[in-house]
Amino acid sequence: MKNRVLLFLSANQFQARIWRDGGLDRAQTFPDNQEGREQFGAFLRTTRSPVFLLTDLIEEDFRHETVLHLRGRERAEQVQRKFEQFYRNTPFRQAALHQRQSEGRHDDEMLFSALTNPALVQTWLDIMLQQHVPLAGIYSAPGISKPLVEHIHADHVLLLSWEKGAGLRQTYFNEKRLYLSRLTPVGEDQSFCDVIATEAVRTQQYLKSLSLLPLGQTLQVHIICNVEDRRELQSKLLEAGDISYAYLDIQKLGEEIGSKDVYPDSDATGLLLHLLATKPPASHYANAEHIHYFNLWRSNKRLLWLSVATATAAIMLSLLNLWQGSSFNNERTKLDHQAQKLTQRTREIIQAFPAQLAPAADMKSVVTSLRKLDSFSPPPEEVWAGLGATLQEFPRLRIDHLSWQTGSGRAAKQNAGFSPTASVIRINGQLEDWDDGYRNSLNYLDRFQQALQQRHYRVVASKLPLDISSSGSIADNALEGDGNPANFSLRLIWEQTP
Amino acid sequence: MNKLATDLHYIKWGLLALLLALGIGGAFLLLSQSFLDSAQQAHHAAETGLRKAQHDLSTATSDQQNMADYTQEYAMLLNRNVIGKEQRLDWIDGLERLRQRNIVLGFKYVISPQQPYQPPEAVDSGNFSLNRSDMTLSFELLHTGQLVRFFKELRTRVKGWYMLDGCSIERLDNTEPRASAGLTPQLRAECTGGWLTLQNRNAP
């Protein structure tokens with residue numbers, strides 16, 4: 001937010017100032033009469049900046065309460081009950097959590113406060129609501145003063161400030177938490193220096209009576225003033241054992257919070273307004289209805305920012321896409337050029353093929369396809385060579401039936417598990433001289449199978465003279481040789497080596 | 001409704017700006033994305049084209065190196081009448097010459113009509129269709145060596161290309177009636193296969 005409209009409401013005056021670029025414009029004062037209200041209405045029509053209303057009124061009440069720790073809807077209902085109990089007659093009320101107790105039931109310590117004379121505010125508020133002014137909040141001088149004591153290392157601090165149109169504001173902070181505040185009018189025949197001496201002591205006694213200031217504890221009084229008033233105060237204020245005075249130079253304080261204004265006297269109104277403009281607290285007296293148009297104003301700003309962000313993101317992404325696309329196009333051009341060169345070279349090679357019996361592609365197709373088909377039908381001498389040599393080494397084996405099938409002889413579905421270059425051989429035969437003993441005979445067959453495997457046949461025994469596997473059955477007459485031949489069947493798979 | 005209309009009045013510029021940003025930004029994005037997609041596709045196509053060109057060059061270079069072999073083998077296949085229309089008289093003549101050489105004790109054959117041939121695994125035959133005329137052979141043999149020699153002679157001395165699918169050989173008991181006089185056959189064999197020819201699809 002660049003410009004802000006800051007309104008200051010006290011018992012004696014209502015003024016408006018524009019805050020821009022870290023400084024406050026000249027104040028415009030509106031008397032509390034019909035003319036003043038019309039002038040205020042006209043003023044509001046000249047600006048659409050958000051409005052912050054700062055009140056500095058005697059009729060502001062503070063209550064420190066300890067309540068049961070609750071959350072969500074239950075907490076909201078609890079607070080509402082407290083509002084109805086303490087501040088039924090004003091809509092300008094707030095509840096702030098101080099801290100959660102660390103012992104016992106872990107209750108919450110809360111500060112309830114309210115503007116107890118709502119009519120003072122409502123008059124001006126009605127004008128703002130009528131004109132749909134974006135009111136950001138209704139604040140109070142004590143409520144926004146906390147940043148002024150942040151750097152003070154003391155548990156019990158009484159901050160004194162003077163607002164010309166309001167009076168002497170005394171705000172008590174306990175461990176940096178606002179506890180109470182009071183406003184004392186300063187008469188026209190008085191200076192605020194005159195009032196401080198008595199009022200500070202009164203406040204100290206009041207705090208003691210509320211047991212907020214422990215026995216023996218020193219109350220540090222920090223006074224916002226200029227150099228001249230400081231000299232006067234230093235001569236008037238006497239430090240006692242339990243009260244000490246410190247002086248906060250108003251000009252330095254202003255510089256510390258970033259104010260560009262010059263403070264000619266100790267009037268802290270401008271200081272507080274600058275503080276409100278730069279560090280508005282979250283909690284204030286306005287309710288949802290009061291700040292409705294501010295929420296709309298803020299939503300509109302956010303929508304505008306969102307649209308800027310959206311447009312920027314879309315443009316950036318689009319540029320990225322365009323850049324990537326251009327890179328791809330550049331790369332594509334190079335690839336096309338390379339491919340062209342290769343294709344030209346290929347064409348030259350093909351055209352340079354000598355005159356043939358047929359086009360080179362046809363000759364290649366015929367030769368390569370026949371070479372492949374030839375591999376599916378190897379000649380029998382190749383397939384049987386190993387088998388024949390092995391049979392010669394095992395003369396007790398008599399082959400009764402031999403069949404083999406090449407890859408070309410198998411339909412595609414029969415080739416599952418076999419390479420088309422594999423030949424499958426089935427041999428059925430007999431083992432003679434079984435009465436040599438079944439164990440010796442089985443060993444003989446076993447050695448035959450091993451010999452075939454060494455000659456690169458894969459061997460599967462389909463049937464043996466004696467099935468000694470766990471899934472087979474054995475009859476005792478099979479164990480007797482009687483010179484009868486024992487039958488066997490083997491399946492061999494032979495494959496061409498590349 | 002009135003309150004809503006009033007509220008909308010205060011955020012109308014923000015909403016409008018957002019709609020514009022979404023609309024115009026979205027349009028830019030769509031157009032640029034479309035440009036990127038086409039460029040990417042074209043790039044991918046160019047990569048594919050380059051790979052194909054590289055492959056074609058590699059193939060052409062390999063063919064250049066192998067062309068002498070291809071020419072020689074093709075000439076041999078032409079000479080054996082494997083390419084073009086099948087020459088059945090060549091097969092019959094060849095088989096009869098084999099019969100006269102008495103490689104086996106006796107044999108018979110049956111040649112079936114020509115059919116298109118589907119090999120057990122796909123073969124790229126280019127412009128040529130594969131055809132086969134199945135032929136079964138029955139033999140009476142003294143020993144398996146005769147069968148081996150028969151098919152060796154069939155390959156080397158008979159014009160054509162015979163693909164042997166397999167045989168079944170059985171030991172005979174000598175009480176069975178025999179086809180040939182003189183020597184007693186010990187084995188009977190049944191063999192299947194076919195005569196393969198390649199026909200150019202573009203030939204008249």
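A salt bridge is a side-chain nitrogen of Lys or Arg within 4 Å of a carboxyl oxygen of Asp or Glu. In the predicted model described here, A:Glu77 and A:Arg73 form such a pair, with their closest N and O atoms 3.3 Å apart. The two residues sit four places apart in helix H2 (residues 72-86) of chain A, and so about one helical turn separates them. A:Arg73 is exposed, with a relative accessible area of 67%, whereas A:Glu77 is partly exposed at 36%. Side chains of opposite charge can pair when their charged atoms come close. Over all chains, the structure holds 32 salt bridges.

A:Arg202 and A:Glu199 form a salt bridge whose closest N and O atoms are 2.7 Å apart. Both residues belong to helix H5 (residues 192-209) of chain A, where they are three residues apart, or about one turn of the helix. In another pair, the side chains of A:Glu84 and A:Arg93 meet in a salt bridge with an N to O distance of 3.8 Å. Here A:Glu84 is partly exposed, with a relative accessibility of 33%, and A:Arg93 is buried, with a relative accessible area of 17%. These two residues also belong to a network of salt bridges that links A:Glu84, A:Arg88 and A:Arg93.

Attention now turns to chain B. This chain has three helices and four strands, which follow the order α-α-β-β-α-β-β from the N terminus on. Of its 204 residues, 38% count as buried. Among contacts in chain B between residues at least 6 apart in sequence, 72% join residues at least 24 apart.

The meeting of chain B with chain A can be described next. The size of an interface is often given as the accessible area lost when the parts come together. For chain B and chain A, the buried area is about 6500 Å², and carbon and sulfur atoms give 70% of it. The contact draws on 79 residues from chain B and 74 residues from chain A. Between the two chains there are 24 residue pairs in polar contact, both residues being at pLDDT 80 or more. On the side of chain B that touches chain A, the elements giving two or more residues are helix H1 (2-79), strand S2 (128-141), helix H3 (144-157), strand S3 (162-171) and strand S4 (187-200) of chain B. Of these, H1(B) gives the most, with 46 residues. Sorted by class, this side of chain B has 44 nonpolar, 20 polar and 15 charged residues.

Apart from neighbours within four places in sequence, B:Leu50 is in contact with A:Leu335, A:Gln338, A:Ala339 and A:Leu342.

Charged pairs cross the interface as well. Five salt bridges are found between chain B and chain A. In a salt bridge between A:Glu381 and B:Arg155, the closest N and O atoms are 2.7 Å apart.

Strands also bring the two chains together. Strand S15 (residues 397-405) of chain A runs antiparallel to S3(B), and five bridges join the two. A:His401 stands opposite B:Glu170 in S3(B). A:Ser403, too, has its place in strand S15 of chain A, and is buried with a relative accessible area of 17%. Not counting residues up to four places away in sequence, A:Ser403 touches A:Val424, A:Ile425, A:Arg426, B:Cys167 and B:Ser168. The C-alpha atoms of A:Ser403 and A:Ile427 are 6.6 Å apart in space, although 24 residues separate the two in sequence.

Note on methods:
Residues are numbered from 1 along each chain as its sequence is written. Chains are lettered from A and ligands numbered from 1 in the order in which they are written. Side-chain values use heavy atoms; hydrogens and water are left out. Contact means heavy atoms within 4.5 Å. Buried area is the accessible area (1.4 Å probe) that two parts lose on being put together, summed over both. A polar contact is a pair of N or O atoms within 3.5 Å; within protein, one must be able to donate a hydrogen and the other to accept it, and residues adjacent in sequence count only if both atoms are side-chain atoms. Ala, Val, Leu, Ile, Met, Phe, Trp, Tyr, Cys and Pro count as nonpolar, Asp, Glu, Lys and Arg as charged, and the others, Gly among them, as polar. Two strands pair if DSSP finds at least two bridges between them. Buried means under 20% relative accessible area, exposed over 50%, partly exposed in between (1.4 Å probe, protein chains only).
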